[in-house]
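Hi,

Here is the structure we talked about. Please have a look, then read the notes below it.

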Amino acid sequence: MRAKTLLLRHVFPGLAASDAITLLQVWLGSTLALGCIALLDKYLGSPVGLPLIIGSFGASAVLVFGAPQSPLARPRNVLGGHVISALAGVFFAQLFPDSVGLAAGLAVGSAIVLMLVTGTLHPPGGATALIAVTGGPAILALGYLYVLVPCLTGALILLGFSCLTQAVGLNARLCGACVVRKPCLVWHPQAIRRRLGTLRALHKALAGNR
């Protein structure tokens, strides 16, 4: 029985550190966000030849809903990462229309550097830049409209559903392979006492060194 328990903990490490409510909220938020984008694509985008969903949104959903406290999942990173990467992708796609390999390499490399320089590093942005080059005729035909639709539009929808899940109580962080609930000071007064104790000890130590 012990061996079975250890095996389960090894295969599913998140079960020991997460609760069903948090996991349900992560699942619900990401499902609704991507579902909304897909429905908009089906009923609004596709009929007019305007794709609204790209693969990099799936990677963004992992960060936004699975690790919302990660620096890479901040609104600045999500929006800036997709927009800047899309600009780089479209620029090189149009600059080298007959050399997909060259355009793809320059687009992704430039997107990474630009995200680093602007403080908007968002790993799915690399895919956004690559899709601008290799996404096919429908994506290439968009030109710089690709930056606004689908990239900016989709990023805003993801962040909107993220705010909604946060509003109903989701406050999760990624800890190794585990999604766990971060204690809230309002409902954990003992956490406040510990922090106040630490501050008092630090104050005494500083006063004693004078």
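**Cavity and overall layout**

The largest cavity holds about 30 Å³ of space. This is a predicted model: local features need pLDDT of at least 70, side-chain atom pairs count only at pLDDT 80 or more, and totals for chains, interfaces and linings use all residues. Residues are numbered from 1 along each chain as its sequence is written, and side-chain values use heavy atoms, without hydrogens and water.

A cavity is a set of points on a 1 Å grid over the protein atoms alone, where a 1.4 Å probe fits but cannot get out. Points are joined across faces, edges and corners, and the volume is the space filled by probe spheres set on them. The count is 1 cavity of 30 Å³ or more.

Ile37, Leu40, Leu52, Pro150, Thr153, Gly154 and Ile157 line the largest cavity (an atom within 4 Å of a point). Two elements, α3 (20–45) and α9 (145–167), each give two or more residues to that lining. α9 gives the most, with 4 residues. By class, the lining has 5 nonpolar, 2 polar and no charged residues. Here Leu, Ile and Pro count as nonpolar, and Gly is among the polar ones.

Now the whole protein. It has 10 helices and 2 strands (DSSP runs: H or I, at least four residues; E, at least two). From the N terminus, the order is α-α-α-α-α-α-α-α-α-β-β-α. Of the 210 residues, 36% count as buried (under 20% relative accessible area, 1.4 Å probe, protein chains only).

Best wishes

Key. 1 Å grid on protein atoms, 1.4 Å probe; cavity = no way out; pocket = protein on both sides within 12 Å on 5 of 7 lines; lining within 4 Å. Buried < 20%, exposed > 50% of the residue type's maximum accessible area, 1.4 Å probe, protein only.
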